[in-house]
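Reader: I would like a close look at a single part of this protein, with the cut-offs stated as they come up.

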Amino acid sequence: MNTEAFFKLTYGLYIISTSSHGKMNGYVANTAFQVTAEPPQIAISCNKDNFTSHLIEESGLFSISVLEEQASPELIGLFGYKSGKDINKFENTPYIIGKTGVPIVTKECIAWFECKLINQTDVGSHIVFIGEIIDYGMFHETKEPLTYAYYRNVKKGKAPKNAPTYIKPEEPVVTETRSDSSRLQKYQCLVCDHIYDPAEGDPDSGIPPGTAFEDIPDDWMCPVCGAGKEDFEPLR
């Protein structure tokens, strides 16, 4: 079976946020879709282990912020690869408070929805929450939304381990035998599993093809999650 079939399903990328008992949290999701028009309802999928999942069950409320196509890896890394149990994701993130009191991320987002939970279904590793839309609006009318296909194919992003679309990567086959293999050593991000390949470099960050990992500036960041160079290790 070819797992590439799963990547042909179309998704967007969103920040799902909520709050309960004074605690705000959010996560990056690629599963949010409208299920009815009247009344307008949206469904999202959230891993049971996500802190946000517990807060949604407590509050019965959530918001959806639609990420713009050029959303930064720092924002995606903050909400997609770090836990709200350890940090306050909203400390330095611009947001507004909706009618129901939930936070709505505004940074690098083009539209938003505020929802009241009306139903939920346990589907194993995840919970599908269905919410009735209470309020909604636009931040930017001319910018394009970030799709999962663009995130994966252009930004070279990967799904976090808690995402419903996560597929465990196959173990790489090492075939390099050249004498300059040390300069061609690939490095893997410990946060999001992104692999830096010297043969490809990172042109979007000004790193040309053929640049060894050791020669990358110390302030370079993972193009997927925003982790620092120190969060990479040699790919074995």
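Which residues do ring pairs link into a cluster?

Author: Ring pairs link Tyr187, Tyr196, Phe213, Trp220 and Phe232 into a cluster. Rings of Phe, Tyr and Trp (its six-membered ring) pair if their centres lie within 6.5 Å; planes under 30 degrees apart count as stacked, over 60 as edge-to-face and the rest as tilted. This is a predicted model, in which local features need pLDDT of at least 70 and side-chain atom pairs count only at pLDDT 80 or more, while totals for chains, interfaces and linings use all residues. Residues are numbered from 1 along each chain as its sequence is written, and side-chain values use heavy atoms, with hydrogens and water left out.

The structure holds twelve aromatic pairs. In the pair of Tyr187 and Phe213, the ring centres are 4.0 Å apart and the planes are at 10 degrees, so this pair is stacked. Helices (H or I, at least four residues) and strands (E, at least two) are DSSP runs, numbered from the N terminus. Both Tyr187 and Phe213 are buried, where buried means under 20% relative accessible area, exposed over 50% and partly exposed in between (1.4 Å probe, protein chains only). The charged end of Lys229 sits over the ring of Phe213, 5.3 Å from its centre; the criterion is NZ of Lys or CZ of Arg within 6 Å of the ring centre and within 35 degrees of the ring normal.

Phe232, one of the cluster residues, also belongs to the largest nonpolar core, which has 31 residues. A nonpolar core is a set of buried Ala, Val, Leu, Ile, Met, Phe, Trp, Tyr and Cys residues joined through side-chain atoms within 4.5 Å. Leu67, Phe79, Tyr151, Cys222 and Phe232 touch the most other members of this core. At least two core residues come from each of β2 (23-29), α2 (73-81), α3 (148-153) and β10. With five residues, α2 gives the most.

The average pLDDT, the predictor's confidence in each residue from 0 to 100, is 88 for the protein, and 88% of the residues score at least 70. Over residues 174-179 pLDDT stays under 50, and the model has four contacts (heavy atoms within 4.5 Å) beyond four places in sequence for that stretch.
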